[in-house]
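This report looks at one protein model and describes two parts of it. Please keep the sequence and the structure in view while reading.

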Amino acid sequence: MTGTAYGHPGSASLTPRLDPGKPASAVPDLAALQQRAAERAAERAGGRDRLRGHIVCDGLVRIFKTEGVEVVALQGLDLVIDRGELVAIVGASGSGKSTLLNILSGLDTPTAGIARVAEYDLLALSNRRRLSYRRQVVGFVWQQTGRNLLPYLTALENVELPMKLAGGRGRRARRERARELLDLVGVGYCADRRPGQMSGGEQQRCAVAVAVANDPEVLFADEPTGELDEATGAEVFAALRTINAELGVTIVVVTHDHAVAGQVRRTVAIRDGRTSSEVRRTARVAADGSTELVSEEYAVLDRTGRMQLPASFVDALSLRDRVRLNLEPDHVEVRPGDRAPAERSEA
Ligand SMILES: Nc1ncnc2c1ncn2[C@@H]1O[C@H](COP(=O)(O)OP(=O)(O)OP(=O)(O)O)[C@@H](O)[C@H]1O
């Protein structure tokens with residue numbers, strides 16, 4: 001287990017000072033103290049606003065038990081995604097991406113924690129609510145194109161099908177919307193082709209149109225560019241950005257490919273079942289007046305103050321077991337701790 005040594009330049013007293021000049025009535029009563037304690041607890045939890053978001057995971061845990069062996073796939077994962085965001089979630093194989101996506105899409109139930117999407121509490125879904133969640137709230141694009149499109153239907157018919165199954169729209173309205181959506185993702189020219197007559201990238205863009213046919217609030221895409229080359233993958237991301245901007249759908253793309261950071265404004269990295277870092281790209285006006293996108297990487301701090309140091313930083317300074325932390329006026333220093341006494345005597 002990793003320990004920490006803290007160095008503080010000074011510590012503030014948490015004990016309230018009593019002012020002898022104040023009248024006794026200034027002493028808070030029990031109700032006021034309870035109220036203050038509740039506020040402090042909320043502040044410590046990161047404030048009430050922390051749990052506001054279109055998608056909220058807080059301390060999310062998923063433990064798999066197989067033949068007596070427990071695998072902790074998600075170890076207290078925190079993630080808040082606002083309405084209308086387009087976020088990529090990246091991580092190495094086994095980091096917990098699919099587990100997270102299965103939970104968020106309502107296919108799997110977490111062991112503990114909070115998982116909420118658009119007011120749906122994913123830990124307490126009845127079968128009926130789960131069905132309505134999967135039919136009305138979320139849409140999916142999977143890596144395998146065969147899972148997204150029916151091979152014997154044309155692109156247009158594929159986009160019409162979910163609308164037909166949901167009912168509500170007439171034949172003409174369905175056809176019109178299907179054409180609009182195919183145009184929006186840039187494959188209007190494929191309307192009368194079957195999947196076998198389209199390239200992999202065209203099929204995935206068509207799959208995006210199918211996934212949003214019934215106006216979902218959230219779109220989940222699992223490795224949607226996994227089987228595509230870089231240029232074709234960029235076209236699929238362009239389609240996702242268009243859908244996000246034009247229809248306001250919140251989009252979460254899960255991938256092992258860190259290069260997607262260049263395709264979205266926010267990329268969240270998962271390591272060992274926790275969010276470890278994120279990259280945000282923001283537009284800035286350069287000295288010559290042109291607009292440029294600047295990427296900044298952040299470590300993710302959870303509400304108990306835990307964060308993961310990037311593996312490259314840990315390796316560069318051979319950090320292990322214990323580190324020293326120093327609180328400076330505007331930053332925290334992390335330095336290698338002392339080696340264990342046994343090791344020192346061997347040196
Ligand atoms: N049904 C299951 N039963 C037991 N262990 C599981 C199950 N599903 C996932 N795991 C384990 O949980 C951990 C996280 O797996 P997960 O599939 O979520 O990772 P991933 O990041 O999606 O990997 P990949 O990119 O290879 O799909 C792994 O150690 C995996 O072996």
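The text below covers the surroundings of the ligand and then an open sheet. The model is predicted.

**Around the ligand**

How many residues surround the ligand? The shell has 13 residues. The closest of them are F64, A73, S93, S98 and T99. Sorted by class, the shell holds three nonpolar residues, nine polar residues and one charged residue.

Some elements give two or more residues to this shell: strands β2 (55–66) and β3 (69–81), together with helix α2 (97–104). Which element gives the most to the shell around the ligand? That is α2, with three residues.

**The open sheet**

Seven strands make up an open sheet with mixed pairing. Their order is β7-β8-β9-β4-β10-β11-β12. At the edges are β7 and β12, and each of these pairs on one side only. From one strand to the next, the twist averages 20 degrees.

| Strand | Residues |
|---|---|
| β7 | 138–141 |
| β8 | 218–222 |
| β12 | 291–299 |

In what sense do β7 and β8 pair? Their pairing is parallel and runs over four bridges.

Methods:
Residues are numbered from 1 along each chain as its sequence is written. This is a predicted model: local features need pLDDT of at least 70, side-chain atom pairs count only at pLDDT 80 or more; totals for chains, interfaces and linings use all residues. A residue is near a molecule or strand if its C-beta atom, placed from the backbone, lies within 6 Å of it. Ala, Val, Leu, Ile, Met, Phe, Trp, Tyr, Cys and Pro count as nonpolar, Asp, Glu, Lys and Arg as charged, and the others, Gly among them, as polar. Two strands pair if DSSP finds at least two bridges between them. Axes are lines fitted to C-alpha atoms, for helices over the stretch in contact, and angles run from 0 to 180 degrees between N-to-C directions.
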